[in-house]
Amino acid sequence: MDTTEIIVTLVGLALAAFVVWYFFLSARPTTSAVSSSGGVQQVDITVKGGYSPDVIEVERGKPVQLSFYRDEENSCSEELLLPDFSIRRDLPAFKTTLVELLPQQAGTFAFTCGMGMLRGRLVVK
Amino acid sequence: MEPTTKTETLDIEGMTCASCASFVEKSLTRTPGVQRAVVNFATEKATIDYLPTQASPATLKEAVVKAGYGVTERDPDTSAADRQAEIDQQKAVAYGKLKRRFWVAAGLAVLIMPLSMLMLWPALMQQMNMQVLNYGLLLLTLPVLLYSGREFYVSAWNGFRHRAANMDTLIAVGTGAAFLYSLAATVVPGWFTRQGIMPEVYYDTTATIIALILLGKLLELRAKTQTSAAIKALMGLQAKTARVVRPGGQEVDVPIEQVQLNDIILVRPGEKVATDGLIEEGHSAVDEAMLTGESLPVEKRGGDLVFGATLNKTGSFRFRVTKVGADTLLSQIVKLVEDAQGSRAPIQRLADKVSAVFVPTVVVIAILTFVLWFDLAPVESRLPLALVNFVAVLIIACPCALGLATPTAIMVSTGKGAEHGVLIRNAEALEKAHQVDTVLLDKTGTITRGEPAVTDFVPAPGQDAGALLQVVAAVERQSEHPLAAAVVRYAEAQEASVIAAAGFQAIEGKGAQAVVNSQPVLIGNFRLLEEAGISLPPAVRQAADALLAQAKTVLYVAVAGQAAGVIGVADTVRETSATAIKRLQAMGLEVVMMTGDTPQTAAQVAQQVGIARYFAEVLPADKAGKVKELQAEGRTVAMVGDGINDAPALAQADIGLAMGGGTDVAMEAAGITLMRSDLQGVVTAIDLSRQTIRTIKQNLFFAFIYNTLGIPIAAGLLYPFFGILLSPMLAAGAMALSSVSVLTNSLRLRGFSPLPS
């Protein structure tokens, strides 16, 4: 193995380790819902290459209102899916789309784009 | 004194589903001074009764805003249908942009490709300055990268910031790497030659990949819009205006949003019924195919229900509005189909798990491919080989096909089901239906019509059948008993002329009496005649006994103190039942019947329709138990029922099918609702489910096999044995084809048509 090969191998392995850590292992910030005066738990979510915030904590049994603002035109994020609540919604670009649901059971429920690539989690406590 | 209330109607902005409406409603109801608030999601209107001393339009608006919605001044442009139109328009614009980007990329790629291949002709190459050619190619590639491919890079960057990776990440990293390498080879070729590497450029790879992926996206977008065509068609069925008859008799055309409960609406031949209601006057044949899949028009007269979006054929009628907006049957069907399309099938779980980790895993594989090629290939070609294979892995691994496999098939088939009157609650129900091996039918209302009908009309010797039927019908027309209704229907079907009856009197538990043609007439059970001291001649008695032996209900008729005949009434088997049951059996399913009737009646019906196994004398409470009994035998059971008392059994079954639109309770408990009262719907539902699951399995197989084979080949696994390497451009072509082929396969379900009855 010459020096270049050693450098390429080490850089390659380091990059691979970074990808694994960055996408799978690093901690994600969790956002809790804000309760409005009407007892509705509200969360604003921006959609741009992903959902931010993407981990949302809500309480069980109280209505939840998620407002998705899609800040891009990229077709990947044009559809929103909350399969556990049977919700499929088109998210128009540069507009806010409200999604309401009533979580009756505790657990973690995924929300994704139409093809399941962009992902977020709704944690019901 | 009762305080005077005021009514205010507000146009609500921003509601996207029925629960939004309840949010707004709650907020309004809690506002001091509000006595009643009703929010209609479909019409996007709130009607509020309030005390003007405590509340004002301003405080009402405030309450709506507090709930997170807006109030607009009356503007017809904000209806749900219009918003859908806006989304469609936005999609059309996006499609147009994508098309332009594709043509720019394709046009330039067509120029770049032959120029890059000049090296294949050494004689030509010698006359060409390599440096000038490379700069020329760079200039041609830049617009492809910066205009056509821009979205990939922006999206990949946005995704990276959110720690999310999608298909754009793969394309951006792949084409970006090829471009940057080529850029370096163009700008500092000397560095490459000093390392003993030919300064090759890959502008053709970059441009072609972008062009091919855009082509794939274009085809995908076009196919995707077709998957939701059925639901759009359903939504488009709603009438736009209604002809309301004002109390003064004046007829006014009003927009459908302004129609209110209890309005009287006039429908003329050839017009659409505007909303759901009850016919008050007139009669007609109505085409309900759009809601029930029933191809024959249905006769409607006073007291019958009509539904919005159906088509009035022959006569004109007036109906009273009973439901508007989101409560109408059409809206409920649309909602149900939309919900089903948003649900996930269990079969998708594996694909979901894979796509969640897919892209980062592929990036890691691509990096390792690069390292291995760099370390193992001959020094002079290791960098280009490592790069080409790195790019090929990234490009071929696009998970589009995986992501599209299940949802597109479900979208098409739930829409298709709705078109044929089969409403599927969710993807899980669709998946369950194909596993069924036993169909349990509740006899009454499913195999049979569920209402009594005259099967035999036997006049006593010497009686004229036609005249007797007129007399009988004259009495029964005045009665409200279901058996009387059966007799009237029979008389109408025989076109017996209508004559008058006087002095009608119902005799509780026995029958009725009246005077027709100045002769007293008695119709009822045996006791009625017995107590009137009327004896039966032997012929009449014999006829009655024969009917009783067939488990039929017998009505005895006496005219002027003499027995005049008997009428056999029974719940009759639908014409389509036997054929449908035969079809189910031919599909390899065992059909079992259950009924509350006596074993004798049960046996007779079972034999008539070709069922070998049945449960008789089953009490309503025991129906679910019978389902459990079959399940204990290791069977996967589909239960078909139509009433409230079937709900526990429908819920207990592996899949419940509620029939005839069903009651709301039955619909709630069932996975599938059949809009038409006909067992043929069960055949259609199971057939559709089987075809859909087959399509999904094919799709998943293609998607998985394509990635599991494609990635190792792109990584160069075959090279040591066969010298085969996958060109990144071929990888791009294959990738574009994979999602298009999965979509095309799903769209084949659009050709589904139920077996003819």
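This is a predicted model: local features need pLDDT of at least 70, side-chain atom pairs count only at pLDDT 80 or more; totals for chains, interfaces and linings use all residues.
Residues are numbered from 1 along each chain as its sequence is written, chains are lettered from A and ligands numbered from 1 in the order in which they are written, and side-chain values use heavy atoms, with hydrogens and water left out.

**View 1. The interface of chain A and chain B.** The contact, meaning heavy atoms within 4.5 Å, takes 60 residues from chain A and 60 residues from chain B. Between them the two chains bury about 4,900 Å², 58% of it on carbon and sulfur atoms; buried area is the accessible area (1.4 Å probe) that two parts lose on being put together, summed over both. Eight residue pairs, both members at pLDDT 80 or more, are in polar contact between chain A and chain B, a polar contact being a pair of N or O atoms within 3.5 Å in which, within protein, one must be able to donate a hydrogen and the other to accept it, and residues adjacent in sequence count only if both atoms are side-chain atoms. Helix 1 of chain A gives the most to the side of chain A that touches chain B, with 15 residues; helices (H or I, at least four residues) and strands (E, at least two) are DSSP runs, numbered from the N terminus.

**View 2. Salt bridges between the chains.** Four salt bridges cross the interface of chain A and chain B, each defined as a side-chain nitrogen of Lys or Arg within 4 Å of a carboxyl oxygen of Asp or Glu. R382(B) and D2(A) meet through their side chains in a salt bridge, at 3.2 Å from N to O. Another salt bridge joins the side chains of E73(A) and K97(B), at 2.8 Å from N to O, and this pair runs from the loop between strand 6 and strand 7 of chain A to helix 3 (residues 80–116) of chain B.

**View 3. An aromatic pair between F18(A) and F160(B).** Over all chains the count comes to 25 aromatic pairs, where rings of Phe, Tyr and Trp (its six-membered ring) pair if their centres lie within 6.5 Å, and planes under 30 degrees apart count as stacked, over 60 as edge-to-face and the rest as tilted. The ring centres of F18(A) and F160(B) are 6.5 Å apart and their planes stand at 45°, so the pair is tilted. Because F18(A) lies in helix 1 of chain A and F160(B) in helix 6 (residues 150–161) of chain B, the pair joins two chains.

**View 4. An annotated segment of chain A.** UniProt, in an unreviewed entry, lists residues 6–25 of chain A as "transmembrane region"; such annotations may be inferred rather than shown by experiment. Over residues 6–25 chain A is 100% helix and 0% strand, with its end C-alpha atoms 27 Å apart.

**View 5. Two backbone details.** A cis peptide bond, with omega about 0°, joins S52(A) and P53(A), and P53(A) sits in the loop between strand 4 and strand 5 (55–58) of chain A. In chain B, A309(B) has a phi near 85°, a positive value in a residue other than glycine, and A309(B) is placed in the loop between strand 11 (305–306) and strand 12 (311–312).
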